[in-house]
Amino acid sequence: MPARTSLVRVAVGLSAVAFGTVGCRGIPSEKPPIHLQQNMDFQQRFDPQEPNPMFEDGRAMRLPPEGTVPVGWLMEDDHLWRGRGPDGRLVDALPPGIKLDRKLLDRGQERFNIYCAPCHDHLGTGRGMATRRGGGFAVQPKNLHEPRLAAMPLGYFYKVITDGQGTMLSYAAQIPVEDRWAIAAWVRTLQASQRASASDVPEEARNRPVPKALAATRAPEGGAS
Amino acid sequence: MPAIFPRWTNHIPVVAGLLAPLVGAGLIFAVWYWFSPKFTDVGYRPKQPVPYSHRLHVSDVGLDCRYCHNTVERAAHAAVPPAATCMNCHSQVKSTSPRLEKVRESYNTGAPIQWVRVHQLPDYVYFDHRPHVAAGVGCASCHGRVDLEDVVELKEPLSMSWCLDCHRNPEPNLRPLDQVTNMAWDPAEHDYDPNKDPMRKRKVQPPTHCSGCHR
């Protein structure tokens, strides 16, 4: 029946026009999503990191006024927050509240791999991926197994993470204080591992195959230097 | 006497009878297809003030998501990093690149870089990254393969049904707790059973009641 075929044609034609003008799902576009209910979607409050035109610097998240201390941030524990003992010297022990156990080292390893390995690599030899790209670093990250650093007290690594050192900037804003100590403990572990000999490995563990998770953290090509 | 209605009007009921369902179906289709967030939201890919590329930094340089979005495990909001985080590296590498001009300016003056927000739920929805990351839902499940994108694009509709589809049956979206930020981890390649994972202390129970997400 001609009427029906022309109807099908019209339908196909119309939908082709519709898709052509309106577009398909998932096409990348710079146009923002459509919000029909503006007042409910955007309420009279600010999300974290949202801009707020009321303030001169345009931020909704305010910085604490100068000379004030937020609750819980007095940081009067020198050992925990500054890695220094009562005599003002760098300590060589974890703060009393942090226990050295498997959990701490696992945490330290994980955090080290996130925050330090891009530059110092997983073993701490200072040849991380970020330093091999785009022309390389102006100052090469330090090899954490240098004799000078191997002799440093634990508090020194905490201090470097917290305050930075030379061209390495501070990581205090990115890493909470307990994690900084966990990383320091892991740096110590790495250093010990590089000075270990076969006799340090317990008898029954010597021929155990390397677990897959560890194999991935092995030295990059070229090995430790 | 001539007929009042010409002959062709005899077809009107037939044509209308055939067209009406078609038009109706077309309307329903159009609403279903084009009024959905899968059309109105997915694919949003705004131009950012700095040509920052996740592909380069995550896939090539090998950064973990948490290096920059460091609050994702600790807070509801996954912070977009301040310029200081970029300067950890960019004070050393590409330190004179014109593409990083805005980053250096922000670092020196303290004025924030005005990143354009891509993922945004309506304000009446409560969303928190913490329980999701702690339950082992990968970033890739909700944000797509960000590590393969040069410009971040909205990949999921972020609609209520999208949340609920997962909340009603979360198990296929769970992965080992240490693989959350591993974008390449593919659930299809591993037959991971969350119920047998000794690292998990309890069964996950995502809320499906209204006050879970509308508090």
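Predicted model: local features only at pLDDT ≥ 70, side-chain atom pairs only at ≥ 80, totals over all residues.

## Who supplies the chain A side

On the chain A side that touches chain B, at least two residues each come from helix H1 (2-22), helix H2 (38-41), helix H4 (102-115) and helix H5 (117-120). H1(A) gives the most, with five residues. Sorted by class, this side of chain A has 27 nonpolar, ten polar and twelve charged residues.

## The interface as a whole

Now for the totals. Here 49 residues of chain A are in contact with 48 residues of chain B. The area buried between the two chains is about 4400 Å², and carbon and sulfur atoms give 55% of that area.

Charged pairs turn up too: the count between chain A and chain B is five salt bridges. One salt bridge to look up joins the side chains of Glu110(A) and Arg66(B), at 3.7 Å from N to O.

## A stop at His190(B)

Over in chain B, His190(B) sits in the loop between helix H9 (160-168) and helix H10 (210-213). Its relative accessible area is 36%, so His190(B) counts as partly exposed; the cut-offs for that class are 20% and 50%.

The His190(B) side chain reaches the backbone oxygen of Asp186(B) at 3.1 Å. Further along the chain, Arg202(B) is twelve residues away from His190(B), and their C-alpha atoms are separated by 21 Å.

Conventions. Residues numbered from 1 in each chain as written. Chains lettered and ligands numbered in written order. Heavy atoms only, no water. Helix = DSSP H or I, 4+ residues; strand = E, 2+ residues; numbered from the N terminus. Buried < 20%, exposed > 50% of the residue type's maximum accessible area, 1.4 Å probe, protein only. Polar contact = N/O pair within 3.5 Å; in protein donor to acceptor, adjacent residues only side chain to side chain. Contact = heavy atoms within 4.5 Å. Buried area = accessible area lost by both parts, 1.4 Å probe. Salt bridge = Lys/Arg side-chain N within 4 Å of Asp/Glu carboxyl O. Nonpolar A, V, L, I, M, F, W, Y, C, P; charged D, E, K, R; others polar.
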